[in-house]
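Hello,

Here is the structure I promised to pass on to you. Please open it alongside this email, and my notes on it follow below.

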Amino acid sequence: MITFTSGAAKKVISLIEGQQKEGLALRMFVSDGGCTGLEYGMTLDDSQHPDDLAVDAEGFRILVDPGSAVYLEGAEVDYVESVMRSGFTINNPNATRTCACGRSFRTADEKGHAHSCT
């Protein structure tokens with residue numbers, strides 16, 4: 001469903017270990033918004049909902065709600081660290097358009113409502 005490069009996996013594991021809390025997973029989601037229509041989100045979460053899709057990745061668990069899973073199917077997550085910016089990037093085969101910041105996208109079915117970037 002979702003793959004992580006080794007750099008992204010190492011960063012997620014580091015973030016989870018830094019919290020020093022048992023049972024944390026990476027929750028990935030898509031919400032309405034962003035400058036293109038749909039916006040990516042990630043957070044650490046210790047509660048799995050009954051309808052969540054749970055995937056064991058490279059040493060950690062990913063949780064995705066069914067509505068977001070449709071938009072994240074086949075995505076690859078990387079972690080980039082450079083002089084200009086550091087953070088996760090998502091290469092999403094479902095995106096037909098992305099914004100310059102890489103945090104929001106549009107799909108062929110034009111779902112979502114764009115908002116100005118902040």
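Serine 31 sits opposite glutamate 39 of S3. The two strands concerned, S2 (25-33) and S3 (37-45), pair in the antiparallel sense over nine bridges. (Two strands pair if DSSP finds at least two bridges between them; helices are DSSP runs of H or I with at least four residues, strands are runs of E with at least two, and both are numbered from the N terminus.) S2 also pairs with strand S5 (residues 61-64), this time in the parallel sense and over three bridges. There, arginine 27 stands opposite leucine 63. As background, strands of a sheet pair through backbone hydrogen bonds, either parallel or antiparallel.

Before you go further, please note that this is a predicted model, in which local features need pLDDT of at least 70 and side-chain atom pairs count only at pLDDT 80 or more, while totals for chains, interfaces and linings use all residues. Residues are numbered from 1 along each chain as its sequence is written, and side-chain values use heavy atoms, with hydrogens and water left out.

Now the overall picture. The protein has two helices and nine strands, and along the sequence they follow the pattern β-α-β-β-β-β-α-β-β-β-β. It has 118 residues, 36% of which count as buried (buried means under 20% relative accessible area, exposed over 50%, partly exposed in between, with a 1.4 Å probe and protein chains only). Among contacts between residues at least 6 apart in sequence, 55% join residues at least 24 apart (a contact means heavy atoms within 4.5 Å). The accessible surface comes to about 6900 Å², and 49% of that belongs to carbon and sulfur atoms (areas come from the Shrake-Rupley method with a 1.4 Å probe; for residues, only the protein chains shown count as cover).

There is also an open sheet of three strands, in the order S1-S6-S7, with mixed pairing. Its edge strands are S1 and S7, each of which pairs on one side only. S6 and S7 run antiparallel and are joined by six bridges, and tyrosine 79 stands opposite phenylalanine 88 in S7.

Helix H1 lies across S1, S6 and S7, running at about 80 degrees to S6 (axes are lines fitted to C-alpha atoms, for helices over the stretch in contact, and angles run from 0 to 180 degrees between N-to-C directions). Which residues of H1 are buried? They are Ala8, Ala9, Val12 and Ile16. These cover an arc of only 100 degrees around the axis, so they are on the same side of H1 (the arc is that of the directions from the helix axis to the C-beta atoms). They pack against several strands, including S2 and S3. The face turned away from this buried side carries the exposed residues Ser6, Lys10, Glu17 and Gly18.

Glutamine 20 has a positive phi of about 50 degrees although it is not a glycine. For context, most residues other than glycine have a negative phi. Glutamine 20 is exposed because its relative accessible area is 76%.

Finally, have a look at serine 68, in helix H2 (residues 66-72). Serine 68 counts as buried because its relative accessibility is 2%. Leaving out residues up to four places away in sequence, serine 68 touches Met28, Phe29 and Val30.

Enjoy exploring, and write back with any questions!

Best wishes
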